[in-house]
Amino acid sequence: MFAFYTIEASFLQLVILGCGMDTRALRLKFETEKDNVKIYELDLPHVIDYKQNLLESIGAITPDVAKRRVVISADLSQFEVRMVLFLHTVDCSTHASVAMA
């Protein structure tokens, strides 16, 4: 339900904090005009590495997924890192929806 609300509300960014093994970026389907939706997945570096290797090994990252998925390795307990990520990675000029996985 959350993802459908996000799409309908014209959000162009979905930020998933502590994404772990969450697969929303792979499962969500967008309408043609929503093709520019970006999904940011943030988690600890070892979690991101494990997930990325697993998804690549099973061929789960399609060109469509690769186009909209942005993977960010970071320790979110460090305030400075979190601020840098949001200031330099997520487009602050457009709406974003944030989810905790």
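The legends below describe close-up views of a predicted model.

Local features are reported at pLDDT of at least 70 and side-chain atom pairs at pLDDT 80 or more, whereas totals for chains, interfaces and linings use all residues. Residues are numbered from 1 along each chain as its sequence is written, and side-chain values use heavy atoms, without hydrogens and water.

**View 1. Overall arrangement of the protein chain.** Five helices and four strands make up the secondary structure; helices (H or I, at least four residues) and strands (E, at least two) are DSSP runs numbered from the N terminus. The order of elements from the N terminus is α-β-α-β-α-α-β-α-β. Of the 101 residues, 38% are buried (buried means under 20% relative accessible area, exposed over 50%, partly exposed in between, with a 1.4 Å probe and protein chains only). Among contacts with a separation of 6 or more, 73% link residues 24 or more positions apart; a contact means heavy atoms within 4.5 Å.

**View 2. Parallel pairing of the strands.** Strand β1 (13-17) pairs in the parallel sense with β2 over five bridges and with β4, likewise parallel, over five bridges; pairing requires that DSSP finds at least two bridges between two strands. Leucine 17 stands opposite leucine 42 in β2 and opposite methionine 100 in β4. Strand β2 (residues 38-43) has five of its six residues buried. Five bridges also join β2 to the parallel strand β3 (residues 69-73), where serine 73 is the bridge partner of aspartate 43.

**View 3. The two faces of strand β4.** In a regular strand the side chains alternate between the two faces of the sheet. Along β4 (residues 96-100), Ser97 and Ala99 point to one face and are buried.

**View 4. Nonpolar cores.** A nonpolar core is a set of buried Ala, Val, Leu, Ile, Met, Phe, Trp, Tyr and Cys residues joined through side-chain atoms within 4.5 Å. The largest one has 13 residues, and Leu14, Ile16, Leu26 and Ile39 have the most contacts inside it. Two or more residues of this core come from each of β1, α2 and α3 (45-57). Another core lies apart from it and has seven residues, among them Val15, Leu17, Leu42 and Ala74. Beyond its neighbours within four places in sequence, leucine 26 is in contact with Leu55, Ala60, Val65 and Arg68.

**View 5. Arginine 24 in helix α2.** Arginine 24 is found in helix α2 and counts as buried because its relative accessibility is 15%. Its C-alpha atom is separated by 8.7 Å from that of isoleucine 39, 15 residues apart along the chain.

**View 6. Aspartate 91 in the loop between α5 (79-88) and β4.** Aspartate 91 counts as partly exposed because its relative accessibility is 37%. Leaving aside neighbours within four places in sequence, aspartate 91 is in contact with Gln13 and Tyr40. The C-alpha atoms of aspartate 91 and lysine 38, 53 residues apart along the chain, are separated by 9.7 Å.

**View 7. Methionine 21 in the loop between β1 and α2 (24-27).** Methionine 21 is partly exposed, with a relative accessible area of 41%.
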